[in-house]
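Please open the model in a viewer and keep the sequence at hand.

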Amino acid sequence: MTAVKKHYSITELTREFGVSTRTLRFYEDEGLIQPERRGRTRLYRSADRRLIQEILRGRRIGFTIAEIREIVQVYKAPPGEIGQLKLMMTRIDQKRDDLRQKRKDIDETLSELDQAEEACLSRMVEIGVGT
């Protein structure tokens, strides 16, 4: 049976998650994580590590720092995890809707570009210009 590591250094976490020390300090400045301090050394607990993992997941799926902060704060206050999960589901639905709208907008723009290109090609043929 392996023991759970009590603390992680900033170097260990930057290597594990492929982020810079600046990124972890930014999350700390934003109040998302609160590592222990021993002098100038930051010591991250397992809970900090899990939180960093969740923050990075949130960033990958398009959440802003403000949205992530809100989700983290809901977890820390009643109703805790249940409230956090409900908020997360709401935010996921919103992101999904936003992405679907963006995809629709992109498809419409591509169609308009195709039409513009066809009009240009047709006109070039009309005036006898080779492509």
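Is Y8 buried or exposed? Select Y8 in this predicted model: the residue is buried, with a relative accessible area of 15%, where anything under 20% counts as buried. Y8 lies in the segment before helix α1.

Next, display the surroundings of Y8. Leaving aside residues up to four places away in sequence, Y8 touches L13, R42, L43, Y44, R45, S46 and R49.

Now select α1, which covers residues 10-17 and has I10, L13, T14 and F17 as its buried residues. Turn the view to look down the helix axis. The buried residues of α1 fall within an arc of 100 degrees, and therefore line one face of the helix. In general, an α-helix has 3.6 residues a turn, so residues three or four places apart point the same way.

Finally, select F26 and Y27, whose rings have their centres 6.0 Å apart. The planes stand at 55 degrees, so the pair is tilted. The structure holds 1 aromatic pair. F26 is partly exposed, with a relative accessible area of 37%, whereas Y27 is buried, at 5%.

Terms used:
Residues are numbered from 1 along each chain as its sequence is written. This is a predicted model: local features need pLDDT of at least 70, side-chain atom pairs count only at pLDDT 80 or more; totals for chains, interfaces and linings use all residues. Side-chain values use heavy atoms; hydrogens and water are left out. Rings of Phe, Tyr and Trp (its six-membered ring) pair if their centres lie within 6.5 Å; planes under 30 degrees apart count as stacked, over 60 as edge-to-face and the rest as tilted. Buried means under 20% relative accessible area, exposed over 50%, partly exposed in between (1.4 Å probe, protein chains only). Helices (H or I, at least four residues) and strands (E, at least two) are DSSP runs, numbered from the N terminus. The arc is that of the directions from the helix axis to the C-beta atoms. Contact means heavy atoms within 4.5 Å.
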